[in-house]
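Please walk me through this structure in the viewer. Tell me what to select at each stop and what I will find there.

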Amino acid sequence: MSDVHASGGRTTVETTRVGHPLLSLALAAMMDDVGAHSGAVYLLTPDEPVLEMAVMAGLPRSFAAPWERVGLSAPVPVSEAVRGQRLVWVSGEEQMARRYPRIAVVLPYPFALAALPVATRDATYGAVFLTWPGSHPPELSDRERDQLTSACDRLAKRLRRAEDEGRPVLPEPDLSAPSATMVAGTLGTVEAARMVARLPYGMCALDLHGRITFANAATAELLGIPVSALLGTQLWASVPWLNDPAYEDRYRAALMSQHVTSFVALRPPSDWLSFRLYPGTNGLSIRISRARAVAEAQQAARLEDDGPGRLVTTNHVLALASALTEAVGVQDVVELVADEIAPALGSQALVMFGSRAGRLHVLGHRGYADPHLVERFDGMPLTAPMPGAHALTTGVPAFFETRQQLERLYPMRQDPPDGLAAWAYIPLIASGRPVGTWVLGYADPHPFPADERAVLTSLSGFIAQALERALLYDAKHQLAHGLQQALLPHSLPSIPGIEAASRYLPATRGMEIGGDFFDLVLSHGRASAVIGDVQGHNVTAAGLMGQIRTAVRAYTTVGQAPEEVMSSTNRLLIDLGSELFASCLYLRLDPEHGTAVMARAGHPPPLLRRPDGRVRVLDLAGGPLLGIDAAATYPTTEVALAEGSVLALYTDGLIESPGVDIEDALAALGERLATAGERPLDSLADALVRETEAAEERADDVALLLLRVTASDG
């Protein structure tokens, strides 16, 4: 059926399809075996790392509209099941909200879900999910796990056999229960209908898609619409005052949870009706009656919504809105839209444009075999006769169902073929001004019906707001770290008898800018080194760091001893009136005599690697943090530095991380220094920061200064 291949960092899927109800039969049997009330089978699509729903059962497909096509990297259970090649179990509403908040936003109902891969040992074909009402026990039983695993294994083997025989597997019609109108014409059925017809309250039946299959005379009277006009239609479509997402939500809640739900609605001008929904695996029964006592309370609780709203539209918008709250930078926005939105909309290619100084700028793209096809637009004037520029400047979306339509409006285009056949150009407008354009490309001619255009336009508002925030974040991030880099030395001076190397890693969490600093100074033939960390993570801390570094250089230049440099810097910090403190380690180097004199102000102790490879933590005398006590003194310690010794000075960001004991972290740093200490100094510096550099998040900046004693030229 399909094999997953990796090529150039991109997963591709080769798929063939078979033309018999293999998937439907397998899904139905699976649901029967474990008592699930809905489920779906996904297949991997050709040449794309995307799972596409091939058949669904037990619920309308519109319930899963945002996830009909999902990327393998998407944070949804079926993708996670394929990535991990394991069963994924979500026990209920609370766990869904915690693990998959985007799904919980769209389907906030009590239900349990299991997702499993459909795979053999050497090939992955797709995935399956099944759902149960919220009354299901919090854990799958061993029998259920075995049944599901065995069923998926059997399905995978059948798909492999179909592949070997060259029989294609096509998407199949969704499974639903037989309509209530298809019951046999027995006397019992006739009498049952007559009995319901005599009831003083309304009774009607809905199939899984919300279509009315039966209604008694009282229903017609209460709703004010003849039974003949109701049959075969959706309740909220045929009754205008029920065309409200809040009421449609109750229908979804009943089917998903298999729990009785209810709501009260106003039939204009003043009649309040109570609707009670009784779900089953083949649809719902609804009891309709007049609601007098609870009318006012229900009116206060009723959700207000001015627009008619359709299920697919609401789901797409809610899913994306939830996802975009996680986007921080511009690339986060581009990747989120490319990985989760474009596949759901059936798009094969994406470009996002921004504007600056009257020109288009490519913010990101996906799906183009030749990146130059997109990058040639970077820097193009907004006045150019191009659909991307026109959409951005006018704020009007453009939809081209075929290449002929595009070329008819933009005949001057002489672009190389990009392999696409249809495009949507949608402006991104935030706070009343355009911030960019997103472009969706389709491999085949693609119609854009009114409801799909409405979805794209709605999504563009959320994307625009996220993009505006991301552009501002990236600008501030670059400014903040540019400032910090400007305050740090760009290179270290060459000092006879001393080899030096340094590393600086900015924090990766949020917009923080730190106060870490280091320096190496050669003045009047004497070499001095300093490393420190100003409290705080903001521009104030970075500015104060620059002042301290400048002060240390000045006091060193005038010839002050190490303890005097520390005391003078301490008094300066207090005189500046800052409420911030700083740790600092200062040392005067004498490589000719193999010594160093050190003064410490609350800073982590340095590590010394001796020529024989042994490493020890230097126990230095010291004083309090700078900026606390104007009368503080900073005693010094003399340390022997034999030729070949390596001194490692660092800030606490290198050894502090959540959940790790600082003593253990310091010991691990010492082990790395002992093991890699013979390497060239730059290679050693890389080895010492490698683990910290690879961390997804750093709550603090990291500064490292390495000094190795070498043979003096003299």
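Select Glu-563 first. Glu-563 sits in helix H19, residues 562-575. The model is predicted, and in it Glu-563 counts as partly exposed, at 33% relative accessibility. Show its contacts. Leaving out residues up to four places away in sequence, Glu-563 touches Ala-599, Tyr-634 and Thr-636.

**Zoom out**

Colour by secondary structure. The protein has 21 helices and 28 strands. Colour by burial next: 50% of the 714 residues count as buried.

**A helix pair**

Select residues 22-34, helix H1, together with residues 142-164, helix H5. The two helices pack at an angle of about 170°, and their axes are 10 Å apart. Angles over 145 degrees count as roughly antiparallel, so H1 is roughly antiparallel to H5. Show the side chains where they meet. H1 brings Leu-22, Leu-23, Ala-26, Met-30, Asp-33 and Val-34. Facing them in H5 are residues including Arg-143, Glu-144, Leu-148, Ala-151, Arg-158 and Leu-159. Colour this contact by residue class: ten are nonpolar, one is polar and five are charged.

**An enclosed helix**

Go to residues 77-84, helix H2. How many of its eight residues are buried? Six are, so H2 is largely enclosed by the rest of the structure. Select the buried set: Pro-77, Val-78, Ser-79, Glu-80, Ala-81 and Val-82. Then step to Gln-85, which follows H2 and has a positive phi, near 50°.

**Aromatic rings**

Show the rings of Phe, Tyr and Trp. Ten aromatic pairs are counted, with ring centres within 6.5 Å. Pick Phe-263 and Phe-275. This pair is stacked, with 4.9 Å centre to centre and 10° between the planes. Phe-263 lies in strand E11 (residues 261-267) and Phe-275 in strand E12 (residues 271-280), twelve residues apart. Phe-263 is at 11%, so Phe-263 is buried. Phe-275 is at 0%, so Phe-275 is buried too.

Move on to Phe-353 and Phe-377. This pair is edge-to-face: 6.3 Å centre to centre, 85° between the planes. Phe-353 belongs to strand E14 (residues 349-356). Phe-377 lies in the loop between helix H14 (372-375) and helix H15 (387-394), 24 residues from Phe-353. Both Phe-353 and Phe-377 are buried.

Next, select Phe-63, Trp-236 and Tyr-251 together. Ring pairs link these three residues into a cluster. Then bring up Tyr-201. Which residue lies over the face of Tyr-201? It is Arg-287, at 4.0 Å from the ring centre.

**Last stop**

Select Ser-460 in helix H17, residues 450-487. Ser-460 counts as buried, at 6% relative accessibility. Ser-460 touches Ile-426, Pro-427, Leu-428 and Trp-438.

How values were computed. Residues are numbered from 1 along each chain as its sequence is written. This is a predicted model: local features need pLDDT of at least 70, side-chain atom pairs count only at pLDDT 80 or more; totals for chains, interfaces and linings use all residues. Side-chain values use heavy atoms; hydrogens and water are left out. Axes are lines fitted to C-alpha atoms, for helices over the stretch in contact, and angles run from 0 to 180 degrees between N-to-C directions. Helices (H or I, at least four residues) and strands (E, at least two) are DSSP runs, numbered from the N terminus. Angles under 35 degrees count as roughly parallel, over 145 as roughly antiparallel, 65 to 115 as roughly perpendicular and the rest as oblique. Contact means heavy atoms within 4.5 Å. Ala, Val, Leu, Ile, Met, Phe, Trp, Tyr, Cys and Pro count as nonpolar, Asp, Glu, Lys and Arg as charged, and the others, Gly among them, as polar. Rings of Phe, Tyr and Trp (its six-membered ring) pair if their centres lie within 6.5 Å; planes under 30 degrees apart count as stacked, over 60 as edge-to-face and the rest as tilted. Buried means under 20% relative accessible area, exposed over 50%, partly exposed in between (1.4 Å probe, protein chains only). A charge sits over a ring if NZ of Lys or CZ of Arg is within 6 Å of the ring centre and within 35 degrees of the ring normal.
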